[in-house]
Amino acid sequence: MKTIFSKPADVKHDWYIIDASGKNLGRVAAKAASVLRGKHKASYEPNVLCGDYVVIINADKVQVSGNKASDMKYRHYTGYVGGLREYSFETLIERNPTDPLRRTIAGMLPHNRLGRKIIGNLKIYAGSEHPHAAQNPQPLEV
């Protein structure tokens with residue numbers, strides 16, 4: 001029996017859309033990371049970009065439970081001495097509504113060149129409008 005290896009050019013990429021309004025941040029991120037990675041397909045290979053495109057709308061309406069909105073901290077280092085910046089979830093969602101979702105999903109992907117390619121297949125929008133209607137994205141339930 002021969003093992004079948006798929007080439008990146010032979011993989012068909014579908015488009016999915018997730019509405020994040022009122023949904024939990026972690027649940028949306030876990031579902032999106034799984035689809036981006038391609039784990040829902042029978043032809044999944046961990047070393048090939050075989051995942052699909054994911055469009056997330058209403059990212060500004062994503063929720064977190066408990067006191068996480070004020071307690072959860074996002075850190076950013078500027079590169080200068082004393083340049084560690086720390087933001088709460090509330091502050092970050094006001095400043096850049098798509099950033100908490102992007103950071104959470106990126107943390108669930110591989111931290112190598114494949115992960116950087118995979119994160120390119122993620123499109124996040126704060127409102128309900130998106131420019132990917134021509135790709136006919138299928139709704140994905142979380």
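A: In counting charges, Lys and Arg are positive and Asp and Glu negative, while His and the chain ends are not counted; each charge is placed at NZ of Lys, CZ of Arg, CG of Asp or CD of Glu. On that basis the protein chain carries 21 positive and 13 negative side chains, with the centres of the two sets 8 Å apart. The model is predicted: local features need pLDDT of at least 70 and side-chain atom pairs count only at pLDDT 80 or more, whereas totals for chains, interfaces and linings use all residues. Residues are numbered from 1 along each chain as its sequence is written, and side-chain values use heavy atoms, with hydrogens and water left out.

The protein chain has five helices and six strands, taken as DSSP runs numbered from the N terminus (helices: H or I, at least four residues; strands: E, at least two). Their order from the N terminus is β-α-β-α-β-β-α-α-α-β-β. Of the 142 residues, 37% are buried, that is, under 20% relative accessible area, with exposed over 50% and partly exposed in between (1.4 Å probe, protein chains only).

Now the pairing itself. Two strands pair if DSSP finds at least two bridges between them. Four strands make up an open sheet, ordered S5-S2-S1-S6, with parallel pairing. Strand S5 (122-124) and strand S6 (138-139) each have a single partner strand and stand at the edges, so one side of each has no neighbour in the sheet. Strand S2 (residues 53-57) runs parallel to S5 and is joined to it by three bridges. Here valine 55 stands opposite lysine 123 in S5.

Contacts, meaning heavy atoms within 4.5 Å, also bear on the fold. Among those between residues at least 6 apart in sequence, 67% join residues at least 24 apart.

Two side chains elsewhere give local detail. Tyrosine 77 belongs to strand S3 (residues 73-77) and is partly exposed, because its relative accessibility is 48%. Leaving out residues up to four places away in sequence, tyrosine 77 touches Gly83 and Leu84. The side chain of tyrosine 77 also comes to 2.9 Å from the backbone oxygen of tyrosine 80. Threonine 104 is part of helix H4 (residues 99-107). A polar atom of the threonine 104 side chain lies 2.6 Å from the backbone oxygen of proline 100. With residues up to four places away in sequence again left out, threonine 104 touches Leu25, Ala29 and Tyr74.

Notes. Polar contact = N/O pair within 3.5 Å; in protein donor to acceptor, adjacent residues only side chain to side chain.
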